[in-house]
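Trainee: May we go through this structure together, step by step?

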Amino acid sequence: MGVNLIIVFVIGLFIGSFLNVVIDRIARDEKFFSGRSYCESCQHPLFWLDLVPLFSFILLAGRCRYCKSRIPFWLPLVEVITGLVFALIIFFSWGLSWWLVIFRLVIASFLVVIFFADLKYRLVYGIVVYPALIVTLAYQTFLLGGGQGLINPLLSSVFTGLFFYGLYLLTKKKGLGFGDVQIGFLLGLLLGYPATVVSLYLSFLTGALVGIILMVAGRAKLKTPVAFGPFLVFSAFAAWFFGQEMFNFVKEWLFF
Ligand SMILES: [Zn+2]
């Protein structure tokens, strides 16, 4: 099992490398299936040995082979996080049919793109969220066998999306972005009740905590807008695998 997880981690590194391309090229409005990779500083096309995920970054000591400028730290970070996320999903998916596991890996890849695009560029890509919604709906249909089983995630999706849309209108479009509304529909659909509630609670809690830490550290002021998408995605991922346990824990703890 240990060896399998290492193989999955390495596959995740390569997928992460592709996700980097998606994240950056959508932000720059470029096509992401064509064109060779090049250095962001000197525009020099990259040699295959510069393109091996994580390995190249370590081999080149984090600098471009041609102009010696620093390779953005995001690149190996996205690769490593994708590798870890893939390994975690395999670890928590034993016994599930392989094609449901593939669905989970695809959904996780969408989540990685949404997380880092918002963190890095403060953008939520509709071109990524809408396909993610369709894939998640297909996944839930197969997982729950369609029919009445789907009512829970569909209702969660509508309620969460409308909840964020309400907040978006209330904060006069300055607190939350419309991207957060889109992410709300997605995480409701993915998690269903009660995991959605857990993830929302966790996202507001982690968002507030990080906000306070940034303010204390003098990095942000009260009015500095912080992207909320990464908190939503992180919390959704945690609740995806531990939502029911976390919900039970809180329920017992509050004695109701
Ligand atoms: Zn360069």
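The questions below move from the overall fold to single residues.

Trainee: Which elements does the chain contain, and in what order do they run from the N terminus?

Mentor: The model is a predicted one. The chain has nine helices and zero strands. Read from the N terminus on, the order is therefore α-α-α-α-α-α-α-α-α.

Trainee: What radius of gyration does the chain have, and what would a compact globule have?

Mentor: Along its principal axes, the C-alpha trace spans about 60 × 45 × 35 Å. For 256 residues, a compact globule would have a radius of gyration near 18 Å, and the value for the chain agrees with this, at 19 Å.

Trainee: What share of the contacts between residues at least 6 apart in sequence joins residues at least 24 apart?

Mentor: Two residues count as being in contact if their C-beta atoms, placed from the backbone, lie within 7 Å. Among contacts between residues at least 6 apart in sequence, the share that joins residues at least 24 apart is 69%.

Trainee: How are α7 and α9 oriented to each other, roughly parallel or roughly antiparallel?

Mentor: Two packed helices are described by the angle between their axes and the distance between the axes. Helix α7 covers residues 178–191 and helix α9 covers residues 229–253; their axes are 10 Å apart and the angle is about 5°. Angles under 35 degrees count as roughly parallel, so α7 and α9 are roughly parallel to each other.

Trainee: Which residues of α9 meet α7, and how many residues of each class form the contact?

Mentor: From α7, the residues G179, D180, I183, L187, L190 and L191 take part, and they meet G229, L232, V233, A236, A239, W240 and G243 in α9. By class, this contact has nine nonpolar, three polar and one charged residues.

Trainee: Which element gives the most residues to the largest nonpolar core?

Mentor: The largest nonpolar core has 48 residues, and those with the most contacts inside it are L111, V112, V113, I114, L190, V233 and A236. Elements that give two or more residues to this core are α1 (2–27), α3 (74–91), α4 (98–121), α5 (126–144), α7, α8 (195–216) and α9. With nine residues, the element that gives the most is α4.

Trainee: Which residues does A236 contact, leaving aside its neighbours within four places in sequence?

Mentor: A236 is among the residues with the most contacts inside the largest nonpolar core. Leaving aside neighbours within four places in sequence, A236 is in contact with L111, L187, L190, L191 and S199.

Trainee: Where is the cis peptide bond that involves P194?

Mentor: P194 lies in the loop between α7 and α8. With omega near 10°, the cis bond runs from Y193 to P194.

Trainee: Is L54 buried or partly exposed?

Mentor: L54 lies in the loop between α1 and α2 (55–59), and its phi is near 60°, a positive value in a residue other than glycine. A buried residue needs 20 or more other C-beta atoms within 10 Å. L54 has 19, so it counts as partly exposed.

Trainee: Is R122 exposed or partly exposed?

Mentor: R122 is found in the loop between α4 and α5, and phi of R122 is also positive, near 60°. An exposed residue has 12 or fewer C-beta neighbours. R122 has 14 inside 10 Å, so it counts as partly exposed.

Trainee: What distance separates the C-alpha atoms of L84 and G12?

Mentor: L84 lies in helix α3 and is partly exposed, with 15 other C-beta atoms within 10 Å. L84 and G12 are 72 residues apart along the chain, and their C-alpha atoms are separated by 7.3 Å.

Methods:
Residues are numbered from 1 along each chain as its sequence is written. This is a predicted model: local features need pLDDT of at least 70, side-chain atom pairs count only at pLDDT 80 or more; totals for chains, interfaces and linings use all residues. Helices (H or I, at least four residues) and strands (E, at least two) are DSSP runs, numbered from the N terminus. The radius of gyration is taken over C-alpha atoms; the globule rule is 2.2 Å times the number of residues to the power 0.38. Axes are lines fitted to C-alpha atoms, for helices over the stretch in contact, and angles run from 0 to 180 degrees between N-to-C directions. Angles under 35 degrees count as roughly parallel, over 145 as roughly antiparallel, 65 to 115 as roughly perpendicular and the rest as oblique. Ala, Val, Leu, Ile, Met, Phe, Trp, Tyr, Cys and Pro count as nonpolar, Asp, Glu, Lys and Arg as charged, and the others, Gly among them, as polar. A nonpolar core is a set of buried Ala, Val, Leu, Ile, Met, Phe, Trp, Tyr and Cys residues joined through C-beta atoms within 7 Å.
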